[in-house]
Amino acid sequence: MSYDICLKAKIEGTDKYVTVAEPECCSSAYNLRKIFVKSMGWDYEHGLYPCSDVLEYIHRGLSELTINGSEYRKLEPSNDWGAVETAIKVLTSIQKCILKTSKKIPVDHLYFSST
């Protein structure tokens, strides 16, 4: 099982969203969830989240995993479907996608989508 990740923008005057970008690593294994939740301090689920908030969580997660990676090794799944290095790669990919997309669409109008 995995999460499908993309960035969406709300269509003005509606309750609809359109996909505007996908990070390079757009389908991360659900097995990484424990690492993501603990490192970012964010107990996310499937849904839409403002990218301005998500950037803060990602920054925290990258800092934690880079500085204290050994602490998160115990959360790596036993089936080898995810590691601290993979989590760093996914978070970096999402961060780069948000920053690149926000050059065209203001970050306040971007939403992180996880399905």
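This is a predicted model: local features need pLDDT of at least 70, side-chain atom pairs count only at pLDDT 80 or more; totals for chains, interfaces and linings use all residues.
What lines the largest cavity? Its lining is made of 14 residues, and those that lie nearest the centre are Ile 5, Phe 36, Tyr 44, Ile 94 and Phe 112. If we ask which elements give two or more residues to this lining, they are strand 1, at residues 2-10, helix 1, at 33-40, helix 2, helix 4, and strand 5, at 110-114. Helix 4 gives the most, with three residues. Sorted by class, the lining of the largest cavity has 12 nonpolar and two polar residues, and no charged residues.

Two of those elements, helix 2 and helix 4, also pack against each other, and I would like to turn to them now. Helix 2 covers residues 51-67 and helix 4 covers residues 84-101; the angle between them is about 150°, and their axes lie 10 Å apart. The crossing in which helix 2 passes helix 4 is left-handed.

Which residues meet there? From helix 2 we have Cys 51, Val 54, Leu 55, Ile 58, Gly 61, Leu 62, Leu 65 and Thr 66, and these meet Val 84, Ala 87, Ile 88, Leu 91, Thr 92, Ile 94, Gln 95, Ile 98 and Leu 99 in helix 4. By class, this contact of helix 2 with helix 4 has 13 nonpolar residues, four polar ones and no charged ones.

Conventions:
Residues are numbered from 1 along each chain as its sequence is written. Side-chain values use heavy atoms; hydrogens and water are left out. Axes are lines fitted to C-alpha atoms, for helices over the stretch in contact, and angles run from 0 to 180 degrees between N-to-C directions. Helices (H or I, at least four residues) and strands (E, at least two) are DSSP runs, numbered from the N terminus. A crossing is left-handed if the near helix is turned anticlockwise from the far one by less than a right angle, and right-handed if clockwise. Contact means heavy atoms within 4.5 Å. Ala, Val, Leu, Ile, Met, Phe, Trp, Tyr, Cys and Pro count as nonpolar, Asp, Glu, Lys and Arg as charged, and the others, Gly among them, as polar. On a 1 Å grid over the protein atoms alone, a cavity is a set of points where a 1.4 Å probe fits but cannot get out, and a pocket is an open set with protein on both sides within 12 Å along at least five of seven lines; lining residues have an atom within 4 Å of a point.
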